[in-house]
Amino acid sequence: MKFLIYSTILFLAISCSREDFRKVNTNPDNIILTDKDIDVRAIFPNAVLAQQGNDFEAFYDWNRNIKYWSAGWVPVGGMGVVATRFQTPFSASSNPYRLENLYTRETMGVGGACFEMRSLIDKMSADSSQRYKNIRAITYVPQAYSAFYLSDIVGSVAYSDAFRVRYSNDPNALRPKYDTQEALYDTLENQLKAVVAVINSNPTSGQSTLGTYDLYYRGIGDEGKNWAMAANSLRLVIAMRMMERKPAAAKAIVLSVLADPIGPINSRAANWVFKGGPDRANGGNYNLAANISGQKNVVDFMYRNADPRIRNMYRRTALTEAQFTTAKNNGSIPATEVYQEYTGRPASFDAATANSTRHYFNNFPGATVPYSSEIQAGLFNAAVPANAGLGQGRVNFPVITYAEVCFMRAELAVKGVTTENAMEWYYKGIDASAGDYDEWGNDAKVFNYAALTPAELTAYKAKPEIVYNPARALEQIYAQQLVNFYRSFNELWAFKKRTDYPFTTGYIPAEILTNGGNVVPMPRRWSIAPPQITDFNYANKTAAISQMEEDPEFRALSDITGRVWWDKQ
């Protein structure tokens with residue numbers, strides 16, 4: 001966190017002197033600024049770091065909850081050791097830490113930073129503000145994403161009426177009304193579509209650019225086009241969420257995005273991703289529990305198909321084949337078990353004690369290591385010196401990638417929402433995802449990193465379960481999405497809620513999670529705490545909760561198996 005705070009201060013210190021701020025603060029209601037008075041671009045890193053630098057979110061929301069809730073990770077002691085976290089968030093009355101991202105992180109949150117940039121641009125002279133039209137439009141994209149990201153697991157949020165308090169004498173600015181999730185999606189669609197329209201219609205010549213102040217694209221490529229593609233891709237993601245509730249509206253968004261001259265993200269080079277610095281010591285709250293494995297059925301699917309991504313996600317089992325054979329001969333491993341270099345653990349709570357599966361969690365006589373493979377921790381935490389002598393790597397935090405866009409387009413084609421070639425987008429998605437995990441593994445200096453080769457990628461796509469099969473195309477696309485979202489916690493969880501994949505049988509069979517023989521359902525949202533009567537915005541918060549409770553699928557406030565609006569049963 002010291003790195004993040006220092007970086008923000010440094011940006012502001014370089015760009016804005018005390019005299020610059022004196023000009024702004026003397027009479028903020030009447031002043032006319034130029035782009036020489038204050039470098040508005042210096043505020044943009046605050047928005048990026050607010051969204052990407054919340055180590056409490058990493059610890060409590062991701063590493064303690066979502067990855068276990070979605071059965072993406074399994075600890076060495078089995079899911080029973082995290083049972084209380086699986087059943088409820090860190091505190092039954094706590095908000096998810098991503099709420100801070102939108103409203104308060106890095107002094108103002110994503111929303112406040114983006115709103116402030118637009119406010120300052122609007123105070124510029126006509127000539128100056130004209131040069132900032134694209135930047136002004138771009139600020140809506142991270143703001144929209146942060147609001148969408150928060151709403152995804154809590155439902156209604158303060159958005160359309162929020163962020164006004166610094167700019168209004170209206171006392172109600174301190175009491176923003178809440179947008180329902182349905183209304184929020186409409187608002188975000190309109191804002192993002194407007195962003196794309198501004199960039200499509202506004203020549204880049206003569207326009208100021210964020211350049212290296214943009215910590216996502218880092219001054220690489222055509223900035224306006226990059227952000228227009230990001231906006232269109234976010235529109236696609238929102239449309240996918242809407243499909244069960246408003247299919248006609250969702251289809252209209254999809255067709256609008258694909259008809260746009262710029263369209264969604266169209267290459268890995270245009271990935272919307274945050275890259276941590278090469279020496280960023282982001283330990284502490286980014287630390288993972290010891291000896292975490294992937295879920296067995298997913299790892300098995302990857303292993304039997306020689307998926308090249310597997311080595312950047314998991315380490316080979318430390319149990320040698322000779323040790324495996326010894327354990328098998330003495331009965332520590334069932335006679336039917338076959339040695340694999342990569343092995344996950346069953347996610348069921350009861351698996352750690354069941355005779356047929358408990359060996360996945362055990363150390364064996366003559367070996368001080370468990371059977372199952374560990375995850376590549378360096379992919380998530382740059383403070384892990386994965387390879388002795390190589391030092392720390394760098395961590396990639398994907399927001400929306402080209403691979404994700406490809407798989408969405410393949411899925412939409414199979415479902416008949418579009419007339420695109422599903423097979424083409426399926427294979428493009430595999431290529432892009434393999435390229436991403438190769439790059440991210442190399443950046444992270446994962447243990448025993450080996451570069452991706454064209455030959456192994458070709459061989460992977462020739463495997464019978466991977467070769468595109470029109471009769472099972474949707475399942476194939478889902479399987480690839482599931483693997484691809486390994487590094488995207490929220491999207492993995494949302495994908496499982498949206499599709500109910502894995503299916504009971506198939507390439508990646510669903511595992512029924514039981515605890516003491518009782519089925520344990522996957523949580524679907526965060527618990528919602530009712531406001532205190534002393535809360536300054538008590539009336540609006542209460543009204544928002546009452547509205548969500550009208551939907552019987554939402555269930556009780558503390559019931560995290562309830563559903564927000566988009567997650568229709």
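1. Let me start with helix H17, which is mostly covered: 12 of its 13 residues are buried, where buried means under 20% relative accessible area, exposed over 50% and partly exposed in between, with a 1.4 Å probe and protein chains only. The buried set in H17 runs through Tyr402, Ala403, Glu404, Val405, Cys406, Phe407, Met408, Arg409, Ala410, Glu411, Leu412 and Ala413. Helices (H or I, at least four residues) and strands (E, at least two) are DSSP runs, numbered from the N terminus.

2. A word on the ground rules. This is a predicted model, in which local features need pLDDT of at least 70 and side-chain atom pairs count only at pLDDT 80 or more, while totals for chains, interfaces and linings use all residues. Residues are numbered from 1 along each chain as its sequence is written, and side-chain values use heavy atoms, with hydrogens and water left out.

3. What do the buried residues of H17 pack against? Their partners are helix H12 (223-242), helix H13 (247-259), strand S4, helix H18 (422-444), H20 and H21, with contact meaning heavy atoms within 4.5 Å. The length of H17 also checks out: at 1.5 Å a residue, its 13 residues (402-414) should span 18 Å, and the end C-alpha atoms are 18 Å apart, which agrees. The expected span here is 1.5 Å times one less than the number of residues. Just after H17, Gly416 takes a positive phi of about 80°.

4. On to the open space. The largest pocket holds about 880 Å³. Its lining has 34 residues, and the closest to the centre are Leu99, Tyr103, Ala158, Tyr178 and Lys541. Helix H6 (98-103), helix H10 (140-154) and helix H22 (538-549) each give two or more residues to this lining, and H22 gives the most, with four. By class, the pocket lining has 23 nonpolar, seven polar and four charged residues; Ala, Val, Leu, Ile, Met, Phe, Trp, Tyr, Cys and Pro count as nonpolar, Asp, Glu, Lys and Arg as charged, and the others, Gly among them, as polar.

5. On a 1 Å grid over the protein atoms alone, a cavity is a set of points where a 1.4 Å probe fits but cannot get out, and a pocket is an open set with protein on both sides within 12 Å along at least five of seven lines; lining residues have an atom within 4 Å of a point. Points are joined across faces, edges and corners, and a volume is the space filled by probe spheres set on the points.

6. How many cavities of 30 Å³ or more does the structure hold? There are five. The largest cavity has about 220 Å³ of space, and of its 14 lining residues the closest to the centre are Gln52, Trp62, Tyr145, Tyr149 and Pro398. Elements giving two or more residues to that lining include H10 and strand S4 (396-400).

7. The second largest cavity has a volume of about 110 Å³. Helix H20 (473-484) and H21 each supply at least two of its lining residues, which divide into eight nonpolar, two polar and two charged.

8. Lastly, the cysteines. A search of the whole structure finds zero disulfides, a disulfide being a pair of cysteine sulfur atoms within 2.5 Å. Cys114 counts as buried because its relative accessibility is 0%, and Cys406 counts as buried at 0% too.
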